[in-house]
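Here are my notes on this model, as numbered points. Have the structure open while you read, and start with the overall picture before going helix by helix.

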Amino acid sequence: MTATDAPHTSDGITDRLLTAAIEVFTERGIEKAGVALIARRAGLTTGAIYSRWEGKQDLLLDALDVVLMQQIAQLLAVGPDASAADVLGSLGADLMNREVAGDALMLEALVMARRDPAFRTTLRGRMAEEESHLATLIDNGKDAGIIDPTLSTRAILTLCQAISLGFMVMGAIEKPTADADEWNTVIHRLVTAALPATDPALHRP
């Protein structure tokens with residue numbers, strides 16, 4: 001099985017290389033980020049990379065997996081027994097305090113995907129796993145009575161992704177965003193509208 005088929009099993013050297021790859025891809029851009037530079041940043045040789053990945057593109061995909069899974073972990077940090085207020089607070093904080101390096105790497109990958117149909121297909125497949133995790137989170141919210149079960153999971157997922165990508169683009173051009181408290185108020189209002197009609201949170205001031 002190659003790196004294109006699935007992410008590599010984590011080990012110390014692999015983790016060092018992925019961390020270095022995220023840094024170098026973010027600093028230099030994908031086209032200018034050389035495998036030799038990534039290896040040097042990790043304190044290793046290029047042989048350590050080629051023994052794990054077929055090339056730079058495969059390394060990039062696994063680096064993106066790290067970024068995506070970190071974002072999912074942040075969303076799931078509130079735990080399965082979290083209240084609606086906890087979920088709202090986590091969502092607002094995650095969007096306002098995004099990992100800049102992760103966003104920069106994703107933007108680089110999206111530009112590459114626009115130009116390279118084969119890479120676009122592969123990237124879409126990798127992102128499908130993130131979508132699956134988020135869809136499960138939404139469905140669990142429906143089961144727990146946090147989200148109105150009559151609402152489309154796909155539509156909610158689309159809205160979340162649109163907001164996330166919007167923040168990514170604004171971060172790239174360093175566009176000022178709303179005050180954190182003001183943002184959380186808007187998010188609370190939007191998500192409250194998605195709560196079941198019988199949820200007590202609908203009646204909170």
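**Notes on the predicted model**

1. Let's begin with how the chain folds back on itself. Counting contacts in the protein chain between residues at least 6 apart in sequence, 67% join residues at least 24 apart. Bear in mind throughout that this is a predicted model.

2. On secondary structure, the protein chain has 9 helices and 0 strands. Reading along the sequence gives the pattern α-α-α-α-α-α-α-α-α. Of its 205 residues, 37% count as buried.

3. How far would I trust it? The protein chain averages a pLDDT of 79, and 76% of the residues score at least 70. Confidence is highest in H2, at a mean of 96, and lowest in helix H5 (residues 84-96), at 59. Over residues 1-8 the pLDDT is below 50, though this stretch has 20 contacts in the model beyond near neighbours in sequence. Residues 201-205 also have pLDDT below 50, with 8 contacts counted in that way. I'd read those contacts with the scores in mind.

4. Setting aside neighbours within four places in sequence, Ile49 is in contact with Leu17, Val35, Ile38, Ala39 and Leu59.

5. Now H7. Just after the helix, Gly145 takes a positive phi of about 80 degrees.

6. Is Thr153 buried or exposed? Its relative accessible area is 16%, under the 20% cut-off, so Thr153 counts as buried. This residue lies in helix H8 (residues 153-172). Its side chain joins that of Lys142 through a polar contact of 2.8 Å. Not counting residues up to four places away in sequence, Thr153 touches Ala135, Ile138, Asp139 and Lys142.

7. H8 itself has 20 residues and reaches 29 Å from its first C-alpha to its last, close to the 28 Å expected at 1.5 Å a residue. Thr153, Ile156, Leu157, Gln161, Ser164, Phe167 and Met168 are buried in H8. They cover an arc of only 130 degrees around the axis, which means they sit on the same side of H8. The N-terminal end is capped by Ser152, with a side-chain oxygen 3.3 Å from the backbone nitrogen of Arg154.

8. Val169 lies in helix H8 and is partly exposed, with a relative accessible area of 46%. Val169 and Leu107 are 62 residues apart in sequence but 7.8 Å apart in space, C-alpha to C-alpha. Gly171, also placed in helix H8, counts as partly exposed at 49% relative accessibility. The C-alpha atoms of Gly171 and Asp103, 68 residues apart along the chain, are separated by 8.0 Å.

9. One last backbone check. Where is Glu174 found? Glu174 is in the loop between H8 and helix H9 (180-192), just after H8. Its phi is positive, about 55 degrees, although this residue is not a glycine. With 70% relative accessibility, over the 50% cut-off, Glu174 counts as exposed.

Notes:
Residues numbered from 1 in each chain as written. Heavy atoms only, no water. Helix = DSSP H or I, 4+ residues; strand = E, 2+ residues; numbered from the N terminus. Buried < 20%, exposed > 50% of the residue type's maximum accessible area, 1.4 Å probe, protein only. Polar contact = N/O pair within 3.5 Å; in protein donor to acceptor, adjacent residues only side chain to side chain. Contact = heavy atoms within 4.5 Å. pLDDT = per-residue confidence, 0-100. Expected span 1.5 Å × (residues − 1). Arc of directions from axis to C-beta.
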